[in-house]
Every structure is written in structure tokens, then in C-alpha cells.
Amino acid sequence: MSDIFSDGIICIYSISNIFDQEAPQLEKYPKLVHYFKSHFNARLVLLLLINGIVPVLLISLTTYPFWFRTMRSKELTFTYSRISTINQALDSLTTDIEQNITHIFSNENIRSYLKDNYDEVTVEGHKKHMLIENFLKSISNYGEVACSYTLIDRYDRIYTNGSNVNRLQNFDGPLCENIKQASPGTYCTERNLYSTDSQKALTYGRVLKEDDEILAVILVDISPELLHSILGDYDGENYQVFIANPNNELIYTNAIHSLSKPEIMEHLLSAQGTTVTLEREPYEMAHASSLLSNYHTYVLVPHTYIYKDSGNIRILFVIILILVFLQTITCSRIISKSLSRKILLIKNELLRFITTREKSVFHHKNNDELKEISDGIVYLENEIDKMLEEIQSNAEKQRRLELQTLQQQLNPHMIYNALNTITQLASLQGVKNIEEVSLAFTRMLKLVSKNTENFVTLRQEIGFIKDYISIKKYNNFQDITLQCDVADPLLELPVLKLLLQPFIENCIKHGFSNFEKDGIIFLYAYLEEEQLHIIIEDNGSGIRKDQIDQILSLSCQTEETYSNIGIRTCIERLRLQYGSRFTLSIASDGQTFTRILLSYPVKEDSHASDTSCR
């Protein structure tokens, strides 16, 4: 299948190069170029041919791959069913062997004889030896030639069911040592039973233990003839079978290859998907593992066998594929030329907008996709202009807010000296209220003048409010206290600098004017869904609803309609910093309390936001 596509792609690539050359190189084919440039009918006929032939070609393109996959799928399904039969036979053989080994190991007489260092030359020793060999002969289900059992104890005594192939083995030999190292599992390997064997047999190995002491090693040899009988009617030409042990060592195959068995296994294990190549011959591979013995069975079917009747169809398919590519390239070339002028116009208009900010102008007679693209570009340009205007407006508002803030600041150094002098005089004269007011005002001034950042911590903001209240209580001649209920982790969260002070001022101005009782302001804060909620509540006389509406309606006015910067400035700063992600509400019964609820996101990048607001 890959050869078909390779041939078609090479042919199409060669033809497409003719059309993709620059104008000077097209002079190599003057007649062809002139013909298509000067004959509209030729182009029209070509389009009609495409309209008539393409459906037929598409049917051909879909039919052959479907037929190709169907043959491959049927062959693989048949192969997997045969693998299942082979694995069931291997599992049955493995189960019989495991049961026989269990019978041997569970026989009390055999275990006692194996522990006894008796002399085989004596009559009693000979009887024990013969008893074990007769037991081995009784459990063989496939005959001593097809499946032989050999028991080697730690005294190098050898017991067999009649096969003499393991008479030269000993308890400390290489084969037995490998079996001991594989314990408690089963050791499985391939080896020649006789020097005349062209194929190797499969050997199982297990150890007999008692109290963690190895008494004997048992060998079970499965002949190549028995393995061949398991494969049934699989031949080595059209169906090549490879059986590997759990260690991925090839132990049987009915095929003949010049590659060594490790090289064959390397190809099988490294195969991508179901296709494998051996000696430059491609095969479809089916693979499955038996459930009990964990043998790996691979069956390879040559591609030439699966697709032996597809030669003529492949040639026809290549021809059809070449025609399809030829027609497609020609058609796309024609369409691309007809569209290139309009696309270049759109590109030039967009570049002109980027460099001069002049709106694009398009004149499309047809209401087609290109007109939709042009309309989209015009809409995008309008949105960009709106965004730029909004950015400039926000920057101007931010500049004005900063200017107002600067206009309200005095020279900090001169004020610090004056305040320090007042504080020292008040302390020397014992006037505590003047000392308290002077210290509070000094701390407020330091926060305002020295902290140039747009954000402070909630702890700093609350400290500023406490100092502000310390001054206002003397200004109003009434006792005003601030009660805070804020968890320690929340005190380190960011808040816009001097954001809460105007709200405290609003509480004192509206709530405690003409108020005979002591004024109490409560401040709460809690975190919910990454939003910091701040509640400011007083026990004053409340605010009328029309006053609340007047305060909140300031957010909808422009700066030129009012002069105070109090709550209006707070609302404007919140809008510039958080957009629509903050909430502000005021509630009051007009008699006993006023409650202000403010929330804003705490995950805001303060530095980035600060820069954007400027």
C-alpha cells in the first residue's frame, strides 16, 4: 500500500513543480502556458472534466483501501483463531506437566528417599531407585520420548522414566544451577536432546524444597515432534510460527531463516504495529500469549500471500491516484490565481491600517466568503480603535487622579519637623490629647508620603483608619472607637492605599453628627472564593435612602460634575483597577446603623494593574 502512495506522490510532485516555478522558468513550457492563458474554453473544459471525473476517482480511492483492509482483517482474524488453538494446547501441556510435578513433589516416599543418602548398589537402595523411576513412568501422558521426566537429587542420583538424555547431568551442573536460581518459579529453556536433532527441545526445570533446603531438581523435556504436532496444519511457507518462552527466548519455529534466533526475536519485539520485516520480506504479524504457561506465540503471514491477487488492482489504483492528483493540482492552481488578487488586496489594506491607522476600504461585488473576511477585518479595526480610545481615556483619568493626590500633598519634611516639635511640646507640658493627635497625624502622613505604591496591606490600611479616628474624635468632641474582627492571615492581603478612609469619614459625617451616644465603627473581613469581603458598620443614626442613592450614583458621573474626591475617588479607583470584578453596596435603616459592603479579587497582580492604570 505504501508503494502505491509513494509512486503517486513522486509523480504529482514532479508535475506540480512545473506550475510552482517563477515566471522566467515558465518559458521552458511556452506552448502549455500560452494555451492555458489564451483559451478560456480549455479552462472551462478542464473544470467540467474535474466535475465529472472526481466522483469516480473518489469511489475508486475509497473502494480499494476498504478491500485491502478487508482481506487483511480476515487473514488476521483466522490467524488469531489459530494462535488461540496453539495457546490452548500449550496451556494444556503445561497444566499436565505442572500437575505431574506436583504429584512427584507431594509423594512422601519420594521425598524421604531423596533426603536419605542411601547406596544404590545395595538391594534396598536399588528398590528405592526403581520405585521412583516407576512412579515417573506412571505419570507420563505423552510417552517417554515425547515428554520425558528426569529427577536429579543432591547426591547426584538420577531417576528417569526411561529417557537417557539427562544421564550426564549432575546436581551442581550449569543446567541445574540455572534451575535453582530461577526458584521458586519454573525455568524454561531450549536445548538439543540428541546430537542428530535439527531442532531443539523445550526443557522445564523446577526444584524440590523442604524447609528451604533443595532436595532435588526435576527436568521435563518436550520433544520437537510434540511441539510440531501442536501446530497442526500450519506450514512453514505461508504461515510461519514462532514460540518464545516467558523470557522472550525463541524455542520453536517451523520456518527456515538465515537469521539467528536472537535476531528474529529482536525483529518481532521491535515491530511497530502488526507489520514486521524479516530478510527484506514484509509480513503481517499476529501475536498472543497463553494464559497459564505465559508462552508468546507469533504467526507471520507474508504480504505476497495475503495480497497475491491485488497486483492488477494496485496498478489501476496507481493510475487513478495519479489522475486525481493531477486534476486536483490543476484545479487548485486555477482557483488560487483567481483568488490571489483579492487576498493581496485584503493584506495590503490591513498593512495600511497597521502603519497609518486609516480604516480599510473594500469593494466586493460578490457576497462571498472573502467579503465576510473583509467585513471581519473592518469590525476588528473598529474594535481596536475603541480599545485604544478606552485605554487613553483610562490613562487620562488615572493621570488626573494622581494629579489631585499630588495637589493635596505638602512638603513632608517640613511637616514632619513641625509635628515633631508639637509632639515634644505637648509631651513636656503634659497635654496628652495634643500628643495623641500629633503622633496619629505623623503616622498618617508617613503612609501617604513615603509609600508610593498603589497598594498597601490591610494591616497598614487599618492602622491609618485608627489614626484618622484618633483625630476625628477630638474634632467632633465625641468618643469614637474602632472594633476590628479580621483574621491575621487576611491582614497581609493587598488593598488600594487609602481606600477605606473615605467610607470611615462617611460613617462619622452621616452617622455620628448630632449623635449623643458614643460612636462605634465595626470592621470585618473574610475571604470567600478568592474575593476579599470587607464590611464597615456603625451604630450611628443611619443615612436616608436618597443620600445612599446620591453617593452610589457618583460612579456614573464624570469628573467635571463634582469636586470632592471622597467616595467618588474610591469608586473610580476600584473601577480602574478591577473593572466589573468589584462590588460595593450601602445599607441603612435611616435610624440606627449604616453598613457598607465591599468586595474585590485578591489574586489581582497589583504591579501589573498599577502600571495599566497609569
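## Overall fold

Residues 24 or more positions apart supply 64% of the contacts in the protein chain that have a separation of 6 or more, a contact being heavy atoms within 4.5 Å. This is a predicted model, where local features need pLDDT of at least 70, side-chain atom pairs count only at pLDDT 80 or more, and totals for chains, interfaces and linings use all residues. Numbering runs from 1 along each chain as its sequence is written, and side-chain values use heavy atoms, with hydrogens and water left out.

The protein chain has 19 helices and 17 strands. These are DSSP runs numbered from the N terminus: helices are H or I with at least four residues, strands are E with at least two. Of the 614 residues, 40% are buried. Buried means under 20% relative accessible area, exposed over 50%, and partly exposed in between (1.4 Å probe, protein chains only). The accessible surface comes to about 34,800 Å², by the Shrake-Rupley method with a 1.4 Å probe. Carbon and sulfur atoms hold 56% of that surface.

## A buried strand residue

Thr297 sits in strand 10 (residues 296–302). Its relative accessibility is 0%, so Thr297 counts as buried. Neighbours within four places in sequence aside, the contacts of Thr297 include Ile83, Ile86, Asn87 and Leu90. Val241, Phe242 and Ile243 are also among them, as are Ala286, His287 and Ala288.

## Helix 5

Helix 5 spans residues 108–115, and Ile110, Arg111, Tyr113 and Leu114 are buried there. They share one side of helix 5, because they cover an arc of only 165 degrees around the axis. The arc is taken from the directions from the helix axis to the C-beta atoms. An α-helix has 3.6 residues a turn, so residues three or four places apart point the same way.

Asn107 caps the N-terminal end of helix 5. One of its side-chain oxygens lies 3.0 Å from the backbone nitrogen of Asn109.

## A positive-phi loop

Glu279 lies in the loop between strand 8 (275–278) and strand 9 (281–289). Its phi is near 55 degrees, a positive value in a residue other than glycine. Glu279 is partly exposed, at 39% relative accessibility.

Arg280 belongs to the loop between strand 8 and strand 9. Its phi is also positive, about 65 degrees, although Arg280 is not a glycine. Arg280 is exposed, with a relative accessible area of 82%.

## A nonpolar patch

Ile315 is in helix 11 (residues 311–356). Ile315 is exposed, with a relative accessible area of 53%. With Ile319 and Leu323, Ile315 makes a nonpolar surface patch of about 270 Å². Patch residues have over 30% relative accessible area and no salt bridge; like charges are joined within 9 Å, nonpolar side chains (Val, Leu, Ile, Met, Phe, Trp, Tyr) within 5 Å. A salt bridge is a side-chain nitrogen of Lys or Arg within 4 Å of a carboxyl oxygen of Asp or Glu.

Terms used:
Polar contact = N/O pair within 3.5 Å; in protein donor to acceptor, adjacent residues only side chain to side chain.
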